[in-house]
Amino acid sequence: MNGSDEIILRVRRFDGTREWWQSYQIGLTGVTSVLDLLNKVREEKDHTLAFRQSCHMGTCGSCGMVINGKPRLACQTNISELDAGVVNVEPMHNSPVIKDLVVGLDSLIENHKKVKPYIIRGKKEEIFYAPREFEVTQEGTTQFLQFDYCIMCNLCISACPTVTIDPLFLGPQALGQAFRYLADPRDEGWAERLELVDDDHGIWRCHFAGACSYVCPKDVDPAKAIQLMKKELLKKRLLIRRGKKGAEITEPLQPHFTEEKLTAAPPLDFKRGD
Amino acid sequence: MANDSIWKRLISSLDPRHYNIERWSYTLHRITGVVLILFLIAHMVEIFHISLGPESWAATLALLGRLGPLENIGLWIIAGCVFYHGANGLRLLLNQVFGLLLGKPRMPVYPYTPTSLGKNQRIAIWTITAVVSGIWIWAGLYILAGLGIV
């Protein structure tokens with residue numbers, strides 16, 4: 001930025017047939033983030049510039065793009081932190097470009113679905129007709145909550161060198177979510193989910209470059225999840241562990257609220273007694 | 001991008017600029033691994049000539065002798081690849097098989113610093129770099145002394 005009132009924004013554009021870099025000189029008044037900058041370009045200079053956005057506060061994960069060589073959320077990247085007179089913006093790597101900064105997320109969604117991102121129970125009725133919640137302790141919650149904060153922004157996939165080489169690789173997002181459910185005390189799909197990731201394009205393709213965790217805007221740390229899942233998979237292969245018993249459904253917390261007691265209870269008397 | 005050629009994607013996957021030190025380590029691990037595979041293939045071709053008789057083996061040695069100091073420098077590079085690939089491989093074993101140096105799952109606290117890329121990992125990587133560099137320099141001196149350069 002160098003104290004100047006203007007900045008040069010270079011955008012790698014794509015119109016369906018050709019790619020090119022386009023430069024815009026933009027005033028910095030009213031601009032904080034790279035997303036502000038892109039909006040200003042679209043409002044004042046070029047209506048045809050395409051990019052995704054929604055919440056503007058790092059929650060929806062829509063505005064992922066490669067900014068000055070690193071995948072980031074445009075709404076959470078301040079111009080001042082880039083400390084550069086030129087901001088280069090490209091679409092996320094490892095995903096097909098649809099237009100300008102908009103990429104196709106089909107493989108992200110498909111891979112996410114493949115790892116069964118939901119609680120699996122031995123008895124299905126416990127999921128759909130559970131009379132009460134499952135018993136989960138604070139320690140049990142800590143085992144998976146970090147990985148639950150994934151907003152599916154695709155940044156980890158953009159950063160992953162393995163996805164670059166093997167487009168069929170499940171990818172850090174899906175594998176991170178597989179571990180999220182694997183570590184969930186309520187889940188009983190331990191063996192089933194490990195089978196799913198133990199594949200030619202599965203977990204063993206990860207060589208721990210750690211780039212996914214480095215770019216993750218929510219501290220989901222997919223690299224940690226994947227390495228911990230490899231350890232679980234080895235336990236399964238070496239028959240050290242064969243399965244996992246899920247958390248039990250809680251007992252009624254306050255027995256005096258049971259159906260029988262409520263029926264047997266005398267009618268409420270709102271008169272103040274002497 | 002996904003529509004790039006395989007070569008462009010390969011080069012892109014080995015480019016660690018703008019990323020973490022673990023990604024640099026990944027790149028170096030891949031490159032040293034490929035160098036070692038190529039060396040092993042070349043070495044197998046070399047020793048295969050023993051089975052073709054003494055003349056063939058003598059011709060192979062003569063061919064290598066023609067390389068002069070380049071052979072020793074090549075061996076020094078191979079030694080560096082062996083040291084780095086081996087030491088970094090041990091770190092990766094600790095990470096991937098035993099789940100060590102990664103930190104435990106925890107509640108995210110801003111500013112986010114992933115524990116898998118935390119202090120333990122850095123210490124391991126810099127220790128490997130220091131030890132491997134030391135051994136490699138020693139190996140270099142040994143090889144160069146053999147050549148009469150040092």
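## Interface between the chains

In this predicted model, the count between chain B and chain A is 1 salt bridge. That salt bridge joins the side chains of Asp219(A) and Arg106(B), at 2.8 Å from N to O.

The contact between the chains involves 38 residues of chain B and 45 residues of chain A. The size of an interface is often given as the accessible area lost when the parts come together. For chain B and chain A, the area buried between them is about 3,400 Å². Carbon and sulfur atoms account for 62% of this buried area.

## The largest pocket

The largest pocket holds about 560 Å³ of space. Its lining consists of 21 residues, and the closest to the centre are Lys70(A), Tyr214(A), Val215(A), Cys216(A) and Pro217(A). Strand S4(A) gives the most, with 4 residues.

By class, the lining of the largest pocket comprises 12 nonpolar residues, 4 polar residues and 5 charged residues.

## The second largest pocket

Rolling a probe the size of a water molecule over the atoms shows where empty space is left. In the second largest pocket, that space amounts to about 480 Å³. A total of 20 residues line the second largest pocket. Those nearest its centre come from chain A, namely Glu90(A) and His93(A), and from chain B, namely Ser12(B), Asp15(B) and Arg17(B).

Elements of both chains contribute here: helix H6 (155–159) of chain A and helix H1 (6–13) of chain B each supply at least two residues of the lining. Helix H1(B) gives the most, with 4 residues. The lining of the second largest pocket divides into 5 nonpolar, 7 polar and 8 charged residues.

## Position of Thr59(A)

Thr59(A) is located in a loop of chain A, between helix H1 (34–44) and strand S3 (64–67).

In sequence, Thr59(A) and Thr162(A) are 103 residues apart. In space, the C-alpha to C-alpha distance between Thr59(A) and Thr162(A) is 26 Å.

Technical notes: Residues are numbered from 1 along each chain as its sequence is written. Chains are lettered from A and ligands numbered from 1 in the order in which they are written. This is a predicted model: local features need pLDDT of at least 70, side-chain atom pairs count only at pLDDT 80 or more; totals for chains, interfaces and linings use all residues. Side-chain values use heavy atoms; hydrogens and water are left out. On a 1 Å grid over the protein atoms alone, a cavity is a set of points where a 1.4 Å probe fits but cannot get out, and a pocket is an open set with protein on both sides within 12 Å along at least five of seven lines; lining residues have an atom within 4 Å of a point. Grid points are joined across faces, edges and corners, and a volume is the space filled by probe spheres set on the points. Ala, Val, Leu, Ile, Met, Phe, Trp, Tyr, Cys and Pro count as nonpolar, Asp, Glu, Lys and Arg as charged, and the others, Gly among them, as polar. Contact means heavy atoms within 4.5 Å. Buried area is the accessible area (1.4 Å probe) that two parts lose on being put together, summed over both. A salt bridge is a side-chain nitrogen of Lys or Arg within 4 Å of a carboxyl oxygen of Asp or Glu.
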